[in-house]
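Please prepare a short briefing on the structure shown here, with attention to charged pairs, helix packing and backbone geometry.

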Amino acid sequence: MRKTLIEFKNVSFRYSEEQPWVLKNLSFKIYENEFVAIIGHNGSGKSTIAKLVNGLLFPQEGEILINNITVNEETIWDIRREIGMVFQNPDNQFVGATVQDDVAFGMENRGIPREEMMKRIDETLHAVWMQDYRMTEPYRLSGGQKQRVAIASVLAISPQVLILDEATAMLDPKGRKEIMQTVSELSEQRGLSLISITHDLAEVTQAERVIVMNSGEIWAEATPREIFSKRDELREIGLDVPFIAVLAEELKRAGIELPQEPLNHKEMLEELWTLHSRT
């Protein structure tokens, strides 16, 4: 059984007393080495969850635990050593004149010795395929390259949790796929827990578990396959479903029942082949 890394206990949050609750009595757990996707319509509370995990915000009610340590103003700097966050717009995260300076920044703030810093810069830039851009000014990079550097900067501080807050939203489909492939490989190699807050349904299908938010509450929590089987219910709360799930639905209406709900093109072909082999 995997160790609990993050726990929300009856957490409620609102941005001011005049505004409604963004999160209402929220409770869930995220485990070591787990890939969790958090989805929901705009205003459902999913990005607020990321800010609460990282201590950018604190709940008005309830408790958040990271490695059994309560997140508060006294523990926040220790907590942030464990949590790495990559945002939608990487330009907001750049502080260095060069790629190398930017990756070094977080380590300098933590007092990591120079020799260790240089080693980590090498390792993380190689990990995200950006070693050839070490002395490049960040503004000269493409969107996908900027996100790779942002990920390297976070990985350099050796967090236990990597949070992607709409981190691929500004990229084209090819760029999204490349970034998610890199992140998935790195999280597996380094034993990271990965939390993806996203609208990209292809990202969601890669997760082990999906938390669906609706109006500040957990609407559902299950595997991607189980979540996307609730097609009509998802549409009712303003969420889309993957094209493959829609295709499976149309096949069913045409009298072609697939043995298992497919999540991607490969699984769809396998299910159709299995069905063909039985006839």
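Predicted model: local features only at pLDDT ≥ 70, side-chain atom pairs only at ≥ 80, totals over all residues.

Residues are numbered from 1 along each chain as its sequence is written, and side-chain values use heavy atoms, with hydrogens and water left out. Helices (H or I, at least four residues) and strands (E, at least two) are DSSP runs, numbered from the N terminus. A search of the whole structure finds 18 salt bridges, a salt bridge being a side-chain nitrogen of Lys or Arg within 4 Å of a carboxyl oxygen of Asp or Glu.

**Salt bridges**

- R209 forms a salt bridge with E34, and the closest N and O atoms are 2.8 Å apart; the pair links distant parts of the chain, 175 residues apart, with R209 in strand β9 (residues 209–214) and E34 in the loop between β2 (23–31) and β3 (35–40).
- R209 is buried at a relative accessible area of 13%, and E34 is buried as well, at 4%, where buried means under 20% relative accessible area, exposed over 50% and partly exposed in between (1.4 Å probe, protein chains only).
- Within helix α4 (residues 114–127), R120 and E116 are four residues apart and so are separated by about one helical turn, and their side chains meet in a salt bridge with an N to O distance of 2.9 Å.
- In that pair R120 is buried, with a relative accessible area of 18%, whereas E116 is partly exposed at 29%.
- The side chains of E178 and R148 meet in a salt bridge at 3.9 Å, N to O; because E178 lies in helix α6 (residues 173–190) and R148 in helix α5 (residues 143–155), the pair ties together parts that are 30 residues apart in sequence.
- E178 is partly exposed, with a relative accessible area of 31%, while R148 is buried at 12%.
- A network of salt bridges links R231, D232, R235, E249, E250, R253 and E261.

**Helix packing**

- Two packed helices are described by the angle between their axes and the distance between the axes; axes here are lines fitted to C-alpha atoms, for helices over the stretch in contact, and angles run from 0 to 180 degrees between N-to-C directions.
- The axes of α5 and α6 come within 10 Å and cross at roughly 15 degrees, and the two helices are therefore roughly parallel to each other (angles under 35 degrees count as roughly parallel, over 145 as roughly antiparallel, 65 to 115 as roughly perpendicular and the rest as oblique).
- In the contact between these helices (heavy atoms within 4.5 Å), G144, Q147, R148, I151 and L155 of α5 meet E178, I179, T182, V183, L186 and R190 of α6.
- By class, the contact of α5 with α6 has five nonpolar, three polar and three charged residues, where Ala, Val, Leu, Ile, Met, Phe, Trp, Tyr, Cys and Pro count as nonpolar, Asp, Glu, Lys and Arg as charged, and the others, Gly among them, as polar.
- Helix α10 (residues 243–253) and helix α11 (residues 265–278) pack at an angle of about 25 degrees with their axes 10 Å apart, which makes α10 roughly parallel to α11.
- I244, L247, A248 and L251 in α10 meet H265, M268 and L272 in α11, and by class this contact has six nonpolar, one polar and no charged residues.
- In helix α3 (residues 99–109), V99, Q100, D102, V103, A104, G106 and M107 are buried, and the buried residues of α3 pack against α4 and α5.

**A residue in helix α7**

- Q206 lies in helix α7 (residues 201–206) and is partly exposed, with a relative accessible area of 42%.
- Not counting residues up to four places away in sequence, Q206 touches F35, M180 and S184; Q206 and V36 are 170 residues apart in sequence and 9.1 Å apart in space, C-alpha to C-alpha.

**Positive phi angles**

- Most residues other than glycine have a negative phi, and most peptide bonds are trans.
- N10, which is not a glycine, has a positive phi of about 50 degrees; N10 lies in strand β1 (residues 4–13) and is partly exposed at 42% relative accessibility.
- E166 has a positive phi near 55 degrees; E166 lies in the loop between β7 (161–165) and α6 and is buried, at 10% relative accessibility.
- Just after α3, G111 takes a positive phi of about 70 degrees.
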